Structures are given as structure tokens and as C-alpha cells.
Amino acid sequence: MQRSDIAEYKILDKGFVKLVDFIGGDARAVESARVSFGGVSKGAERDRKLIAYLLKNGHFSPFEHTVFQFHIKCPIFVARQWMRHRIASYNEISARYTEVRDEFYIPDKFRAQDLINRQGSVAADLDDGNLLKLYSASLENSYAVYGKLIAAGVAREMARMVLPVSQYTQFHWTVNARSLINFINLRTDAHAQYEIRLYAAAIKEIFVVKMPWTSAALQELYEDKNK
């Protein structure tokens, strides 16, 4: 793999997305498709047309030969949604081996429950000042209890049980382009939770830089479907 020159994307209040390594690209998808019949590159114009043809006709396996490795820092509740994308490799920091840092996601505002979409939320005029005080006090208390349990000799793997899912975690995520396209499609959708949509938007920006032909073909394909 080649080291990435893409900068770290700051997400939420304490999170980030960073591309660590990358192999392949648009050219690798073309090469992988043409090898099926012993062919080679036919020049940029014809190679771009081939990528568009592959995507339009559901021939996705050539895109599995391009691989991205990301370093992610996000709240645990975002990570748990992320890891539902199983065609990938994950290595997450372990709170069994290291003490958890005092890092929790503090939202700018609270959203209200969506009464139509039971798993979603909507913007609302809530008493954010008081609600954020309650929220922050709960985080401070849970972390204080965690520290007291550690000091009392409780194992890290048990002391962590008092911590909320707003705690930040970090992991490496290695994923091929086919699976990454699926992640971007699902997690940039308006029905996805707001917080993971921010991460997916950053991932999409990186994808566009690294695979411009593929991303352009996908954009054109989706525009045609929505006409």
C-alpha cells in the first residue's frame, strides 16, 4: 500500500477521519476487469467508459481490488452503526488494555424524536442549555465512578461498564472500494443518523479524490436513476 497524503478530517467535537493507506484506484478496477479476457488498458477515455459500464451493469467485483485503510475516531454509538458494514476489517482500541480517556461527544443541540420514523430524529426547539447541563453532569459522574473503580482495584474490563456510548473510541478500518461505495450510499442518506452522516461525507470526499473516474460515473448513474 502507499501512504496517503490526504489530511485528517476533523469530525464532531473530538473525532476525525484519516486515510492511512491506499492501494489501487480507478486503474486497478480497469485492470482487474480486463484481465478476465486477457486485455490491457485501452487509454483513458475507453477506460473511463469501462468503469461506467461496470457500475451501470452491476459488475462490482473489479472494484474489490482497490483497498482503503482509514483511522477513525468517533463516539461508540457511531462505531456500532459503522461496524454493521461487515465486509471490511476492524481493529479497535481496547478498554481492557488501556484506561479510557475523558473524551465524550458533546452535541451542540439536542434533536427530538421523529414521530414518523421511529428510529430517527428531527430538529426541534428544546431547552438545550439545561439539557446539556444534565447531559454533561451525567458524563462527568460516570467518568468519576470509572476512576474510583480503577483506583479501588477493579479490572479495566469491568470498570468500563459504567461508561456511556458517547465515549470516543478509535479503530482502523480496511475496506475495498465495492464495500466502501455501499457504506457511502447508505450512510450519507438522509435517513442515516446525523453524526455518522458527517463521517460518511468526509469518507466520500476522500473517495472522490482517490477514485475520481469511479465517483463521477456513480454520480452520473444516480442522476440518471433520479430523472
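Which residue has a backbone oxygen that lies 3.5 Å from a polar atom of the side chain of lysine 73? The residue is lysine 14, whose backbone oxygen lies at that distance from the lysine 73 side chain. The model shown in these views is a predicted one.

**View 1. Lysine 73 and its surroundings.** Lysine 73 has its place in strand β4, which covers residues 67-75. With a relative accessible area of 7%, lysine 73 is buried, because buried means under 20%. Besides the backbone oxygen of lysine 14, the side chain of lysine 73 also meets the side chain of glutamate 103, and this polar contact is 2.9 Å. Leaving aside residues up to four places away in sequence, lysine 73 touches Lys14, Gly15, Phe16, Glu103, Tyr168, Thr169, Gln170 and Tyr199. A network of salt bridges links Lys73 with Arg101 and Glu103.

View 2. Side chains of opposite charge can pair when their charged atoms come close. Aspartate 47 and arginine 34 form a salt bridge in which the closest N and O atoms are 3.0 Å apart. Aspartate 47 belongs to helix α2 (residues 44-56) and arginine 34 to helix α1 (residues 26-34), so this pair ties together parts that are 13 residues apart in sequence. Aspartate 47 is buried, with a relative accessible area of 6%, and arginine 34, at 8% relative accessibility, counts as buried too.

**View 3. A salt bridge between distant parts of the chain.** The side chains of arginine 111 and glutamate 195 meet in a salt bridge, at 2.9 Å from N to O. Arginine 111 is in the loop between β5 (89-92) and β6 (112-113), whereas glutamate 195 is in helix α7 (residues 194-210), and the two residues are 84 residues apart. Arginine 111 counts as partly exposed, at 32% relative accessibility, while glutamate 195 is buried, with a relative accessible area of 3%. In the whole structure, a search finds 12 salt bridges.

**View 4. Helix α4 and what follows.** Helix α4 is made of 24 residues (residues 128-151), and at 1.5 Å a residue it should span 34 Å, which agrees with its end C-alpha atoms being 34 Å apart. The buried residues of α4 are Asp128, Leu132, Leu139, Ser142, Tyr146 and Ile150, and the buried residues of this helix pack against α5 (156-159). After α4 comes glycine 153, whose phi is positive, near 100 degrees.

**View 5. A nonpolar patch on the surface.** Leu126, Leu131 and Leu134 form a nonpolar patch on the surface, and together they have about 250 Å² of accessible area. One of these residues, leucine 131, lies in helix α4. Leucine 131 is partly exposed, with a relative accessible area of 32%.

Definitions and conventions: Residues are numbered from 1 along each chain as its sequence is written. This is a predicted model: local features need pLDDT of at least 70, side-chain atom pairs count only at pLDDT 80 or more; totals for chains, interfaces and linings use all residues. Side-chain values use heavy atoms; hydrogens and water are left out. A salt bridge is a side-chain nitrogen of Lys or Arg within 4 Å of a carboxyl oxygen of Asp or Glu. Helices (H or I, at least four residues) and strands (E, at least two) are DSSP runs, numbered from the N terminus. Buried means under 20% relative accessible area, exposed over 50%, partly exposed in between (1.4 Å probe, protein chains only). The expected span of a helix is 1.5 Å times one less than its number of residues. Contact means heavy atoms within 4.5 Å. A polar contact is a pair of N or O atoms within 3.5 Å; within protein, one must be able to donate a hydrogen and the other to accept it, and residues adjacent in sequence count only if both atoms are side-chain atoms. Patches are made of residues with over 30% relative accessible area and no salt bridge: like charges are joined within 9 Å, nonpolar side chains (Val, Leu, Ile, Met, Phe, Trp, Tyr) within 5 Å. Accessible areas come from the Shrake-Rupley method with a 1.4 Å probe; for residues, only the protein chains shown count as cover.
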